[in-house]
Amino acid sequence: MTKDQFLTKLEASLKRLPSDERQDIVQDFEEHFTIGLAEGKTEEEISVSLGSPQQIAKDLVATYHVERVEATASTANIFRAVWAVIGLGFFNLVIVLGPFIALVALIIAGWIVAGAFIVSPLLVILNTVMYPEIFQFFDLFFSIGLTGLGLFIAIGMYFATRAVTSGFIRYLKFNVRVVKGGMKDA
Amino acid sequence: MNVQFKKGVLELCVLVLLDKQDRYGYELVQKISDQIDISEGSVYPLLRRLTKEGYFTTYLKESTEGPPRKYYRLTDGGRIYLHELLQEWKEFTNGVNQLIKEGVNDD
């Protein structure tokens, strides 16, 4: 690969980053080529030693998305970060996607339970409207009790969701730090 | 050596190299690849990340040959982080060396 080919590929793989960031990265690699050439290496030698521009770009993109999540942990940002980190290597399909699906499922399940408990008196009323003959006060009071419990679960889930989110972001950061990213024998 | 393992260590290498003096990217890459077999390009994402995390600052300095170069300087936070990593590294390698010694002697 020539210098131009390398830089073009790198830039193309970074198209999702803001342009000033992209320019800055490309400039670092331009500097690397300039100094290498001045030391008498060929463009080919330098680009072979650098490794795959796509893999370098993946590393940069993953770091970028994880940082964005740290700034604002919106659902879209989290999904983008998880996706970018998974892209770092096949290995991550298991150790990132697996826990992510499990945690998302647990959180959704918790919220559904809380929601169902909270609306349970409505269900009792609905049931009474449809089948007035089976109405029992016990059902009504029990469902009102469930509403209270549901509210507590919702509050708990709110904090649990936040804790799990920040914990998972920390895990993503750790993962970016340790997993692959343009290593030679990968 | 194991790939996953190497990337974590790369961070320590970069921090150690900047402890005594500021260096430019190419210089850091060469110093490391002289000793360890790496894809040289993977050092740059690492430098960017550590800079964003506040462990380095960067500045441009004129060079006698060619255009100015981007130098990296360790911050106070970076130095603290370096010493933490060094401590972990020493404990880790001591442990592994001890196990190797016992293992080899048992054979």
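This is a predicted model: local features need pLDDT of at least 70, side-chain atom pairs count only at pLDDT 80 or more; totals for chains, interfaces and linings use all residues.
1. On the side of chain B that touches chain A, two or more residues each come from helix 1 (3–20), helix 2 (25–35), helix 3 (43–52) and strand 3 (69–74) of chain B. Helix 1 of chain B gives the most to that side, with seven residues.

2. Make-up of the chain B side. The residues of chain B's side that touches chain A comprise 13 nonpolar, seven polar and eleven charged.

3. Extent. The contact involves 33 residues from chain A and 31 residues from chain B. The area buried between the two chains is about 3,000 Å², and carbon and sulfur atoms give 52% of that area.

4. Salt bridges. Ten salt bridges are counted between chain B and chain A. One of the salt bridges joins A:Glu67 and B:Lys52, with the closest N and O atoms 3.3 Å apart.

5. One residue to look at: B:Lys70. B:Lys70 lies in strand 3 of chain B. Is B:Lys70 buried or exposed? B:Lys70 counts as buried because its relative accessibility is 13%, under the 20% cut-off.

6. Surroundings of B:Lys70. The side chains of B:Lys70 and A:Asp28 are joined by a polar contact of 3.0 Å. Leaving aside residues up to four places away in sequence, B:Lys70 touches A:Asp24, A:Asp28 and A:Glu31 in chain A. Within chain B, under that same exclusion, B:Lys70 touches B:Arg23, B:Tyr24, B:Gly25, B:Arg48, B:Thr58, B:Tyr59 and B:Leu60.

Notes. Residues are numbered from 1 along each chain as its sequence is written. Chains are lettered from A and ligands numbered from 1 in the order in which they are written. Side-chain values use heavy atoms; hydrogens and water are left out. Contact means heavy atoms within 4.5 Å. Buried area is the accessible area (1.4 Å probe) that two parts lose on being put together, summed over both. A salt bridge is a side-chain nitrogen of Lys or Arg within 4 Å of a carboxyl oxygen of Asp or Glu. Helices (H or I, at least four residues) and strands (E, at least two) are DSSP runs, numbered from the N terminus. Ala, Val, Leu, Ile, Met, Phe, Trp, Tyr, Cys and Pro count as nonpolar, Asp, Glu, Lys and Arg as charged, and the others, Gly among them, as polar. Buried means under 20% relative accessible area, exposed over 50%, partly exposed in between (1.4 Å probe, protein chains only). A polar contact is a pair of N or O atoms within 3.5 Å; within protein, one must be able to donate a hydrogen and the other to accept it, and residues adjacent in sequence count only if both atoms are side-chain atoms.
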